[in-house]
Amino acid sequence: MTDLEKFQKRVEGINYLDYSPVVVEMANGKIVKVERINKLSEENKHVFIAPGLIDIQINGFNSVSFSLQGAEGTQEGEGELTAEGVERVTKALWKEGITTYFPTLTTNSQKLLLKNFAILARAKNNPLLLGSIPGFHLEGPYISPVDGYRGAHPKEYVRKPDWKEFLELYNAAGGKILLVTLAPEIDGAFEFIRKCREKGIVISLGHHNASAEVIKQAIDNGAGLATHLGNGCANIIHRHLNPFWPQLADDRLMISIISDGFHLPPEILQVFYKAKGAENIIIISDVTSYAGLPPGEYKIKTGATIEKTSDGSLRFSGQEGGLYGSASSLLKGVGHIMRVTGCSLAKAIQMTTINPARLHNLNDRGKLEPGKRADIILFTMNDFNLKIRQTIVEGKIVFQLNDKK
């Protein structure tokens, strides 16, 4: 057993909820006590403590692509998806404070989706992952085929909901598809939503151009989330009759947002926060396989060159290069939402822990309280930049920052 696999029994830090000094005691992979103390030790006096972060939209990381690995003719995530690749992603995410995540597969051929879901289903049970993967997110292929709303999803694989086809995917995934993003305006969407809800699958509206009435009907039928609101949409839309307003207006619908400083301007984040409140927002990263890689230029399958910058943006190269995807982890989203909305650390952490856990009935995690999984992060914060010092998953130290280099 290495140092990074030892069970931790006790940690102390500044409680993210109220900035009080606390000690957290753990046993058998669970939190058994959270107790306020008079004073923190000198080494921990600037260290915050919070539950591990939950990211429900991870397309890949550190050169591993859940969505594209194994696809023909692609250079992102070359080769087949493997259990070793999933383990590598999980350990890399632990360093970013992500203790729970949903590997996300996007629109592609049924053959590739079946293959990669089967690989993920086997990999998730790897005891070395410590239960960090409770299930999966399927984003597409049941989305709008229209340019702009479709985003980067390949048009040739976009299709209408097919329950028999979906059950093949569901079974390949070991019954662990927990979240499906679809466009509610396509034929068969409402029946598909109802059938998913019967299985406990959360339906999220995304990559769509549905009317207010269709959005209402989708929510009436059980849709509970809007995927990366503000993105996955055409650049030019009607100022009144567009998908944003009805999704913001309906209190039954939670929203997920990419709060990386690139995907949404500050004033949009401010409006979203005021409309929905911290209780109904989930921050996601939507990272691709380029997250975790060093800054530089990379070739993609089309022959185009993309550039990852030192600040975490991922763009097509050139003076007017547009966004290619996301490469910033959830940590940046926490700091950025605080910076632009003025929300507290407690509210920002809530949007990356309590809220996704509540939506997906992950009742064993997401809070710093007795009985929950001992998934804990210790971090410092300077000018809204969070730096992970230690990550604990199910009571085991899985990452420890070494400053003595």
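In helix α8 of this predicted model, the buried residues are Leu 330, Leu 331, Gly 333, Val 334, Gly 335, His 336, Ile 337, Met 338 and Val 340. The helix is thus mostly covered, with 9 of its 12 residues buried. Its length is consistent with its residue count: at 1.5 Å a residue, the 12 residues of α8 (330-341) should span 16 Å, and the end C-alpha atoms are 16 Å apart, which agrees. Gly 342 follows α8 and has a positive phi, near 80 degrees.

The model also contains an open sheet of 8 strands with parallel pairing, in the order β5-β8-β9-β10-β11-β12-β13-β14. The edge strands, β5 (53-58) and β14 (281-284), each pair on one side only. Within the sheet, strands β11 (residues 202-205) and β12 (residues 225-226) run parallel and are joined by 2 bridges. Leu 205 has Ala 226 of β12 as its bridge partner. In general, strands of a sheet pair through backbone hydrogen bonds, either parallel or antiparallel.

A further feature is the second largest pocket, with a volume of about 450 Å³. It is lined by 15 residues, of which Glu 43, Asn 44, Arg 389, Gln 390 and Gln 400 are the closest to its centre. Two or more lining residues come from each of the elements β1 (10-15) and β20 (385-393). Strand β1 gives the most, with 3 residues. The lining divides by residue class as follows.

| Class of lining residue | Number |
|---|---|
| Nonpolar | 4 residues |
| Polar | 5 residues |

How values were computed
Residues numbered from 1 in each chain as written. Predicted model: local features only at pLDDT ≥ 70, side-chain atom pairs only at ≥ 80, totals over all residues. Heavy atoms only, no water. 1 Å grid on protein atoms, 1.4 Å probe; cavity = no way out; pocket = protein on both sides within 12 Å on 5 of 7 lines; lining within 4 Å. Points joined across faces, edges and corners; volume = space filled by probe spheres on them. Helix = DSSP H or I, 4+ residues; strand = E, 2+ residues; numbered from the N terminus. Nonpolar A, V, L, I, M, F, W, Y, C, P; charged D, E, K, R; others polar. Expected span 1.5 Å × (residues − 1). Buried < 20%, exposed > 50% of the residue type's maximum accessible area, 1.4 Å probe, protein only. Pairing = 2+ DSSP bridges.
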